[in-house]
Amino acid sequence: MKHKTFFWFFLPTGLAMLLFIFLPIVSVISQSLHVPVDAVLVTVEECGPFGCKPSTTIDQEATQLLRDANPLGQWAGLEIYFDRSHLAVAEVGELWRNSESWGAFFNRLGNLPFYRAMAFTLTYTFVATPLLIIFGLMIALAVNTLSSWIKGLVIFFSLLPFIVTPLVGSLILFWMIDARGVVGSFIQWVFNDPTLSLKASTPLTWITLIVYGIWHSAPFAFVIFYAGLQTLPQDTLESAVIDGASRWQRIRYVVIPHLTPLVTFVALIQLMDNFRVFEPIVGFNAEAHATSLSWIIYNDLSGEQRLLTSAASTSVLTILCVAILLSPVLVRTWRDFNGKT
Amino acid sequence: MKHLKIALLSGVAAFALASTAYADGHACDIGEGRVSIIGNEFPAIQTLGAGAAACASDSAEVTANLTKEHKNIQVPGMTNNPAEYTVAIISNGSIAPLMTDNLIRPLDDLIAAHAPDLPNQQKITLDGKVMAVAFMANAQHMVYRSDILAEAGLEAPKSYEDVLANAKVLREKGIMENPVGGAYSAGWGIGQEFNNMFIGHGGEFFKAGTAEANINNEKGVATLEMMKALSEYMNPDFLALNNNEISAEWKAGNVAMLQMWGSRTPALLDPEGSVEGVAENTALTGPMMVGDSGTPATTLWWDGWTIASNVSDADAEASFKAMMASIDPSILEQEGVNEQAVWLIEGYEPTNLSEGVFQTIKSGATPYPTLPYIGLLHTALGAELPDFMQGKESAEQTLADVEAAYTAAAKEAGFLQ
């Protein structure tokens, strides 16, 4: 393509990206570097239905003068990135000096909100993503062998978990896994332990969330792989049969290599999606046991008092983490591209 | 089906009654202007919304957005000039963010011009300026199953020490395994239970006159130990059960002693949706004492309305008139309205549903603080307490974590240097 043609072809997309991706990110970064001005506090008398008492409030006039002088807020630089709610540089340094072993260090690192969230987010991402790819492939291979009259129905039902809104799906499961719910009672019966509760223990909550994540996203992998299976080269398959390849050998040496680009695609999308895990934590009321970076942003924005700078810093950190997470795949794509030209 | 029909018909009848009441020349001429209300969603507030909406005319537009998400919408919706919402229905727990950002206006001039007789008990004044008009009171108090306690020969509890003793007996006699309930869900719920228990132990949240947290002390430790002791007698999932879910547990007959919001007791006393024998034997009593401070372990709440500062004088005036009409004493004559809440409006007749809240007011309970930084401490408590409740760390460590998390947030928000 000529450079000029490419320019005009790309211009609308480029403008949209500038407007809806680049500028918001600039705004988020700018927000993360500024904090509200210091509030001027005064003690006044407060009265209501239950009597009068002294109370502290904000001196609006004095604070407004400060706000007018600093319309963006007070410059904070990277201070918020390094405070206890985020990277906690000072706290981690102290832990490092005072911990005798690696185990003690990591154990106490989990006490800091950012690292606690990272521990669950990374575990969730790296356990759920490969498993959902494997399950998706297995379902696709199984459905592909069905006779055509039942295929449509099976595909529809296999897709249901993906169609259900994540929040609604997790809310329904929240009651099913209750100690008195269908699934909860069944698990108690299987393990013969009437006090077993999935919601009361941290490891079991993590497992529940990961199983939910796989259940929800495996249909996505399934649909992609199923589409890929329709383009399988029949000649190669037939010659493999003639050469005496077993079903497993055909899958291993013909089907999987054919689907590799799709596996990369599903892995890319699901790594990003799973890193932003959020709805199941809210739906399962699981914040006592598991938090994620997205949940921290939500918590900062939905508290009684909004913490915009804190939410912005966590957003920037999320973007950086996703970039790091995807870098191996992106580097590979870049190499492939260079190799071809 | 028959029930549904009756419910529908009575709803229509109530609506017809309500509309005739307003049509009957009940003073509701608000002149010209725009009235737009944001608020929580429960029956008493819906009554206000309907009352204000009845004031709409060709020259005055009245809309109401009553939603559980009100706290997340109200600040952004009142920040622009002119503001999307002219009225916010708030409580003493949610007024602070509006005050912090200077989003609500003093009402003294409007009261002088249009409602000179407004009783003082409804005025929320700060530094001599009326910032909100209260219309109802609310509080968390004890609810218990009279039949279960009687079966074990126990008295209604008066303190959390009684609750623990009763729970022990109920478990030992095999009557109920987990008889204690509470909205201990991680987040706002458990933070609120800490606030109650800390006040009950005579604690002060902040060092006097500053925004410095003051909870990492003996009172804080005693608070956490009592919460932990109670949780031993709760459903093991207690950190995942909020007000809605624990109410469902109550109606299923799985709980015998529960601290619950007064505004939610009508639902607990309603046989509809309850296991047989639960609603009939649900009894209300005041708040629990704890330790020897003499202050009950609960907080008093008021619900009220405020007017946005970023709206024109005409809109503010129309909004004020519409809201005054919506809390006119005549609304109590409408079917069922008197029972909806503990109204602070003149002419309100207390009912058996309001017993718990009245006992709380009489018991000398303290109001939930309206300090601008209390919300940050509440959020920090909600995020850090689950570690202690799960036995992962000591009370002192958890309280130190809460103070550290609060300090980071308060520094960011400009309350601490």
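Guide: The model discussed here is predicted.

Visitor: What does helix 12 of chain A span between its end C-alpha atoms, and what would a straight helix span?

Guide: Helix 12 covers residues 247-275 of chain A, and its end C-alpha atoms are only 35 Å apart. A straight helix of 29 residues would span 42 Å at 1.5 Å a residue.

Visitor: Which residues of helix 12 of chain A are buried?

Guide: A residue counts as buried if 20 or more other C-beta atoms lie within 10 Å of its own. In helix 12 of chain A these are Val255(A), Leu259(A), Leu262(A), Val266(A), Gln270(A), Asn274(A) and Phe275(A).

Visitor: Is Phe191(A) buried or exposed?

Guide: The cut-off for exposed is 12 or fewer such atoms. Phe191(A), in helix 9 (residues 182-191) of chain A, is exposed because it has 9 other C-beta atoms within 10 Å. C-alpha to C-alpha, Phe191(A) lies 28 Å from Ser217(A), and 26 residues separate the two in sequence.

Visitor: How do helix 6 and helix 10 of chain A cross?

Guide: Angles from 65 to 115 degrees count as roughly perpendicular and those under 35 as roughly parallel. The axes of helix 6 (residues 113-144) and helix 10 (residues 202-229) of chain A cross at roughly 40° and come within 6 Å, so the two helices are oblique to each other. Their crossing is right-handed. The contact between them has 22 nonpolar, five polar and no charged residues.

Technical notes
Residues are numbered from 1 along each chain as its sequence is written. Chains are lettered from A and ligands numbered from 1 in the order in which they are written. This is a predicted model: local features need pLDDT of at least 70, side-chain atom pairs count only at pLDDT 80 or more; totals for chains, interfaces and linings use all residues. Axes are lines fitted to C-alpha atoms, for helices over the stretch in contact, and angles run from 0 to 180 degrees between N-to-C directions. Helices (H or I, at least four residues) and strands (E, at least two) are DSSP runs, numbered from the N terminus. Angles under 35 degrees count as roughly parallel, over 145 as roughly antiparallel, 65 to 115 as roughly perpendicular and the rest as oblique. A crossing is left-handed if the near helix is turned anticlockwise from the far one by less than a right angle, and right-handed if clockwise. Ala, Val, Leu, Ile, Met, Phe, Trp, Tyr, Cys and Pro count as nonpolar, Asp, Glu, Lys and Arg as charged, and the others, Gly among them, as polar. The expected span of a helix is 1.5 Å times one less than its number of residues.
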